[in-house]
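The sequence and coordinates are shown first.

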Amino acid sequence: MSKSKIAPSPQLLEIPQEHLNIMGYVDESEVNGPGSRAVVWLQGCSRECDRCFNTQSWSFEINQLISVNELIEKILANPRNTGVTFSGGEPFWQASALTQIAIKVKESGLNVMSFTGFTLEQLQSENAPIASQELLGQLDILIDGAFVKSLAVNAPKSLVSSANQKVHIFNPDFKDQLDWASDQVEIHILKDGSRIITGFHGSLN
Ligand code: SF4
């Protein structure tokens, strides 16, 4: 029942309906899933994993609000995006709005993948964040589990950052496309001059 669904931060309640609080966004990434992808980094994660590469994503304070419709338009405006990846922060704390985005971009032929610090079992339990099941139902690929420093995998070709994490292929079309990991780093320079660095040694969830 929904009464058992406890959010980690009251600031999640400050996000207006049909909006997301994001840390960052890039188009045409080739190191965050199969093909060329839009990547949405969600703001807010309560895990505080030792050696997290993305500590700026931890705060649940409002960082950048964007409406679901605006984000859908942004993703679809770039014809080179063949898929979308949700990363973080913790995407599943904003699963309801992400589900709406996933449904719309899939209607336009894109595929959808997400990272999460939860395990798949936790996301399937009754204590999972609101709308977790709905978001899981839209995903082609899920990479689950928090980063554990003692289990760190330092191999550039590995799809996971620590050995406890698992790659779940929900859409069998992708079972032969698990080759995006590399020793490459992408540096995306945004219109405002800020940079997002992602890939091996870059952002991870
Ligand atoms: S590694 Fe991922 S799950 Fe862990 S604190 Fe960083 S963003 Fe959160």
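## Charge pairs and fold

Asp140 counts as buried, at 5% relative accessibility; buried means under 20% relative accessible area, exposed over 50%, and partly exposed in between, with a 1.4 Å probe and protein chains only. The model is predicted, and local features need pLDDT of at least 70, side-chain atom pairs count only at pLDDT 80 or more, while totals for chains, interfaces and linings use all residues. Residues are numbered from 1 along each chain as its sequence is written, and side-chain values use heavy atoms, with hydrogens and water left out.

Asp140 forms a salt bridge with Lys106, with 4.0 Å between the closest N and O atoms. Asp140 lies in the loop between α4 (132–136) and β6, and Lys106 in helix α2, so the pair ties together parts that are 34 residues apart in sequence. Lys106 is partly exposed, at 28% relative accessibility. A salt bridge here is a side-chain nitrogen of Lys or Arg within 4 Å of a carboxyl oxygen of Asp or Glu. Helices (H or I, at least four residues) and strands (E, at least two) are DSSP runs, numbered from the N terminus.

A search of the whole structure finds five salt bridges.

| Pair | Closest N to O distance |
|---|---|
| Lys149 and Asp50 | 3.1 Å |

Side chains of opposite charge can pair when their charged atoms come close. Lys149 and Asp50 form a salt bridge. Lys149 is in the loop between β6 (141–144) and β7 (166–169), and Asp50 in the loop between β2 (37–42) and β3 (64–67), so this pair ties together parts that are 99 residues apart in sequence. Lys149 is partly exposed, with a relative accessible area of 40%, and Asp50 is partly exposed at 46%.

Glu107 and Lys104 both lie in helix α2 (residues 95–107), three residues apart, about one turn of the helix. Glu107 counts as exposed, at 58% relative accessibility, whereas Lys104 is partly exposed at 43%.

How many helices and strands are there in the chain? There are four helices and nine strands, and from the N terminus on the elements run β-β-β-α-β-α-β-α-α-β-β-β-β. The radius of gyration is 16 Å, close to the 17 Å that the globule rule gives for 205 residues, so the chain is as compact as a globular protein of that length. That radius is taken over C-alpha atoms, and the rule is 2.2 Å times the number of residues to the power 0.38. Along the principal axes, the C-alpha atoms fill a box of roughly 45 × 40 × 35 Å.

Of the 205 residues, 50% count as buried. Among contacts (heavy atoms within 4.5 Å) between residues at least 6 apart in sequence, 68% join residues at least 24 apart. The accessible surface comes to about 10400 Å², of which 49% belongs to carbon and sulfur atoms; the areas come from the Shrake-Rupley method with a 1.4 Å probe, and for residues only the protein chains shown count as cover.

The mean positions of the 15 positive and 23 negative charges are 3 Å apart. Lys and Arg count as positive and Asp and Glu as negative, without His and the chain ends; the place of a charge is NZ of Lys, CZ of Arg, CG of Asp or CD of Glu.

Ser132 belongs to helix α4 and is buried, at 2% relative accessibility. Apart from neighbours within four places in sequence, Ser132 is in contact with Phe92, Ala95 and Leu123.

Ser46 sits in the loop between β2 and β3 and is partly exposed at 42% relative accessibility. With neighbours within four places set aside, Ser46 is in contact with Pro8, Phe60 and Trp93. The C-alpha atoms of Ser46 and Ser9 are separated by 8.3 Å, although these residues are 37 apart along the chain.

## Backbone

Most residues other than glycine have a negative phi, and most peptide bonds are trans. The peptide bond from Gly88 to Gly89 is cis, with omega near 5°, and Gly89 is in the loop between β4 (83–87) and α2.

Glu28, in strand β1 (residues 19–29), has a positive phi near 55° and is partly exposed, with a relative accessible area of 30%. Glu48 has a positive phi near 55°; Glu48 is in the loop between β2 and β3 and is exposed, with a relative accessible area of 54%.
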